[in-house]
Amino acid sequence: MISEFIELSEKIDRLAELTLSLRAENTQLRQWNTQVRQSNAQLFAEKEACLVRLNEVQRRVEALLAQMPDPNGVTVATVATAPAPQAEGVQ
């Protein structure tokens with residue numbers, strides 16, 4: 001009977017140690033999760049800033065391209081108003 005109590009006491013001690021270990025691990029994981037969330041938020045903000053800069057660059061490049069003359073002498077307005085070419089033999 002005494003040996004059963006000793007065995008039960010040892011099991012309770014192991015359970016208490018495991019509980020403490022799991023609590024410490026939980027605390028570490030919560031801290032790590034907080035750090036990862038902060039890092040993720042920072043990366044998201046950097047991504048948004050890069051998208052803003054990329055859109056500005058795209059707008060500026062498009063404005064420069066619009067100012068450049070067409071090397072073939074065809075402008076966008078000319079192409080839009082020119083009649084469509086017809087296939088040979090079709091009238």
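Helices (H or I, at least four residues) and strands (E, at least two) are DSSP runs, numbered from the N terminus. With that noted, I counted 2 helices and 0 strands in the chain.

Before going on, I jotted down that this is a predicted model, where local features need pLDDT of at least 70, side-chain atom pairs count only at pLDDT 80 or more, and totals for chains, interfaces and linings use all residues. Residues are numbered from 1 along each chain as its sequence is written, and side-chain values use heavy atoms, leaving out hydrogens and water.

Next I looked up burial (buried is under 20% relative accessible area, exposed over 50%, partly exposed in between; 1.4 Å probe, protein chains only). Buried residues make up 0% of the 91 residues.

Then I went for salt bridges (a side-chain nitrogen of Lys or Arg within 4 Å of a carboxyl oxygen of Asp or Glu). I found 3 in the structure.

- Glutamate 7 pairs with lysine 11, closest N and O atoms 3.7 Å apart; both sit in helix α1, 4 residues apart, about one turn.
- Lysine 47 meets glutamate 48 at 4.0 Å, N to O. Lysine 47 is partly exposed because its relative accessible area is 44%.
- Glutamate 56 meets arginine 59 at 2.6 Å, N to O. Arginine 59 has a relative accessible area of 48%, so I put it down as partly exposed.

Last, I checked leucine 8, which is in helix α1 (residues 2-67). At 47% relative accessibility, leucine 8 counts as partly exposed.
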